[in-house]
Amino acid sequence: MADKLIYLATPYTGFKGSREEAYHLACLKAAELMEEGYTVFSPIAHSHSIEVEAGWKKAPKSGEFWLKQDFAILAYCDELWVYKLPGYDTSTGVLAERAFAEAYDIPIKEIDYA
């Protein structure tokens, strides 16, 4: 379990709520998985805080900007786990992450949102 590096994909701009709520939920799920012993990278937990601290909140960086960062990490991950928050199935980022994983034969798992 802990030997695998898990990439936790969650919707952000495509989330059916605020970006702050999407960030909060991604952090909570990442923390939960870490507590269970998984090694997890959450691009939303990583990127949202950088965007806010850098002052990019009023002029956010594009999805393409962030996907370049994210794909560099996803390429080294053992699995992509999609957290099925509202909007995950239409999220541009999650769909791109899923396509990347499929192209590089990275296994994909979906996690239900209760």
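## Glu110 and its partners

In this predicted model, Glu110 is partly exposed, with a relative accessible area of 38%. Its side chain forms a salt bridge with Arg98, in which the closest N and O atoms are 2.7 Å apart. This pair connects distant parts of the chain, since Glu110 belongs to strand 4 and Arg98 to helix 4, 12 residues apart. Through salt bridges with shared partners, Lys84, Arg98, Glu110 and Asp112 are joined into one network.

The side chains of Glu110 and Lys84 also meet in a salt bridge, with an N to O distance of 3.7 Å. Lys84 sits in the loop between strand 3 (79–83) and helix 4 (92–103), while Glu110 lies in strand 4 (residues 108–111), so this pair ties together parts that are 26 residues apart in sequence. Lys84 counts as partly exposed, at 24% relative accessibility. Over the whole structure, the search finds 5 salt bridges.

Another of the salt bridges joins the side chains of Glu32 and Lys29, at 3.0 Å from N to O. These two residues are 3 positions apart in helix 1, and Glu32 and Lys29 are therefore separated by about one helical turn. In general, an α-helix has 3.6 residues a turn, so residues three or four places apart point the same way.

## Length and buried side of helix 1

Helix 1 comprises 17 residues (residues 19–35), which at 1.5 Å a residue should span 24 Å, and the distance of 24 Å between its end C-alpha atoms agrees with that expectation. Which residues of helix 1 are buried? They are Ala22, Leu25, Ala26, Lys29, Ala30 and Leu33. Because these residues cover an arc of only 135 degrees around the axis, they are placed on the same side of helix 1.

Just after helix 1, the backbone of Gly37 takes a positive phi of about 105 degrees.

## Cysteines

The structure holds 0 disulfides. Cys27 is in no disulfide, and the nearest cysteine sulfur, that of Cys77, is 16 Å away.

Cys27 is partly exposed, with a relative accessible area of 26%, while Cys77, at 6% relative accessibility, counts as buried.

Is Ser91 buried or exposed? With a relative accessible area of 4%, Ser91 is buried, because the limit for that class is under 20%. The side chain of Ser91 reaches the backbone nitrogen of Val94 at 3.2 Å.

Notes
Residues numbered from 1 in each chain as written. Predicted model: local features only at pLDDT ≥ 70, side-chain atom pairs only at ≥ 80, totals over all residues. Heavy atoms only, no water. Helix = DSSP H or I, 4+ residues; strand = E, 2+ residues; numbered from the N terminus. Expected span 1.5 Å × (residues − 1). Buried < 20%, exposed > 50% of the residue type's maximum accessible area, 1.4 Å probe, protein only. Arc of directions from axis to C-beta. Disulfide = S-S within 2.5 Å. Salt bridge = Lys/Arg side-chain N within 4 Å of Asp/Glu carboxyl O. Polar contact = N/O pair within 3.5 Å; in protein donor to acceptor, adjacent residues only side chain to side chain.
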